[in-house]
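Please keep the viewer open as you read.

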Amino acid sequence: MSFKIVGTGSALPAAIVTNDDLAKIVDTSDEWIKTRTGICERHIIREETLTDLAAEAAQKALEEAGIQPEELDLILCATLEGDFIVPSLACTVQARIGARCPAMDIGAACTGFLYALDVAAAYFAADKAEKVLVIGAEHLSRFIDFTDRSTCVLFGDGAGAVVLTPGESLKFLSVWAKGKSEPLNIPASHKNPYIQMNGQEIFRFAVTTVLTNIKQALKETGLTAEDIDCYLLHQANGRIIEEVQNRLKLPQEKLPQNLARRGNTSAACIPLLLDELNRSNRFKIGDTLLLAAFGGGLTSGVCVLNWEK
C-alpha cells in the first residue's frame, strides 16, 4: 500500500525582509544577493509562533482534503526545532488543531520533508495509518547571525503541509545520510547558536548529490528526465537549480522556483512550493513529479510520485 496527496496547505509570517533591508544592517546589496542566490526577499517570524504557522498550513491542507483533525492517524513534523525543546512541534500542532493521534518531529534539516514522507510510506505499508498529516515548518531566523552576510541573506521562515491517504501515487522514495558536521551546522551553544556554513562545499555537495539522486530515481522507475512533468527541488539557491537544469538539459518551466520571494526555508521549502503550484492549478491528474532535497547532516533524498488529487 502506497499513498497519495489529497490536500496541501502553507503559511508564512506577515513580516517581509527585503535585500535592501538587509543592506542597512550588513555589508551587502540587493544586486550582490540576487546575483549569487536569486533571492529578493524572505518572510521572518516576529509576532507569530512556529506553531501558528504549522497549524495554519495543516488546517488548510485538511480543509482541501475534506478530512477532520480527529480523523488523523498520525502527524509528522519535519523541523529543526519547534517552539519548545519539549513538547515537539507535532504535539503543539496536534493540540492546536484538535487531533488525537500520535505525533512526532523528524529532524533531517532541509531534507526533513522527504524523510517524513518516507516514514509515512512505512506506516501505510504496515497498514498502521490511513490518514497522515505531514508538515515541514521552520523558524530559521532564530538561528541567523544578522552580521554574517554569507548566511543571513539566505534563509526565511514558513510552513507547508500535505495530507496523505492510501493510494498508488508513490513510485520511488529514498533518503540518505552521510554524517558530516563541518560543512553545515548549528552549534548547541547559547553563546553562538547560529548557522555555520561552508557555502562552496555545500554548493558542490548539492549539485553532485541532487543529480546522482535524480538519476537513480529515473533508473529505478524506468523514466527519462523528460518524462518528469515537474521537478520540485529544494529552494536553497537559484544557481544550484540552474546547474541541475543545465546538466539534465531541461526547460526552465519544469523547475519552478519560489526562492526569490521565500528564501531557503529548509524542510518547509518543498511543501511550500507544492502548495503554491497546486493552488495555481500547475498540476493535472497523471502528472509525474520529482521531489529532491539536500541538507545538513549531510542528508539528501528524492521522491517520484504521480499527481492524483
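## Ground rules

Helices and strands here are DSSP runs numbered from the N terminus, a strand needing at least two residues and a helix at least four. On that basis, leucine 298 belongs to strand S13, which covers residues 297-306. Please bear in mind that this is a predicted model.

Most peptide bonds are trans.

Another cis peptide bond connects valine 86 with proline 87, and its omega is about 5°. Proline 87 sits in a loop, with strand S4 (74-78) on one side and helix H4 (89-97) on the other.

## Helix H7

Helix H7 is made of 23 residues, 199-221. From first C-alpha to last it reaches 32 Å, close to the 33 Å expected at 1.5 Å a residue.

Which residues of H7 are buried? They are Ile202, Phe205, Ala206, Val207, Thr209, Val210, Leu211, Asn213, Ile214, Ala217 and Leu218. When reading such a list, recall that an α-helix has 3.6 residues a turn, so residues three or four places apart point the same way. Just beyond the end of H7 comes glycine 222, with a positive phi of about 70°.

## Helix H10

Helix H10 takes in residues 269-279. Nine of its eleven residues are buried, so the rest of the structure largely encloses H10. The buried set consists of Cys269, Ile270, Pro271, Leu272, Leu273, Leu274, Asp275, Leu277 and Asn278. After H10 comes asparagine 281, which has a positive phi near 60°.

Most residues other than glycine have a negative phi. Asparagine 281 is a residue other than glycine, yet its phi is positive. Its loop runs between H10 and strand S12 (288-295).

Alanine 109 also has a positive phi, about 55°, although it is not a glycine. You will find alanine 109 in the loop between strand S5 (103-106) and helix H5 (112-125).

Are these two residues buried or exposed? Buried means under 20% relative accessible area and exposed means over 50%. Alanine 109 has 16% relative accessibility, so alanine 109 counts as buried. Asparagine 281 has 66%, and therefore asparagine 281 counts as exposed.

Technical notes
Residues are numbered from 1 along each chain as its sequence is written. This is a predicted model: local features need pLDDT of at least 70, side-chain atom pairs count only at pLDDT 80 or more; totals for chains, interfaces and linings use all residues. Side-chain values use heavy atoms; hydrogens and water are left out. Buried means under 20% relative accessible area, exposed over 50%, partly exposed in between (1.4 Å probe, protein chains only). The expected span of a helix is 1.5 Å times one less than its number of residues.
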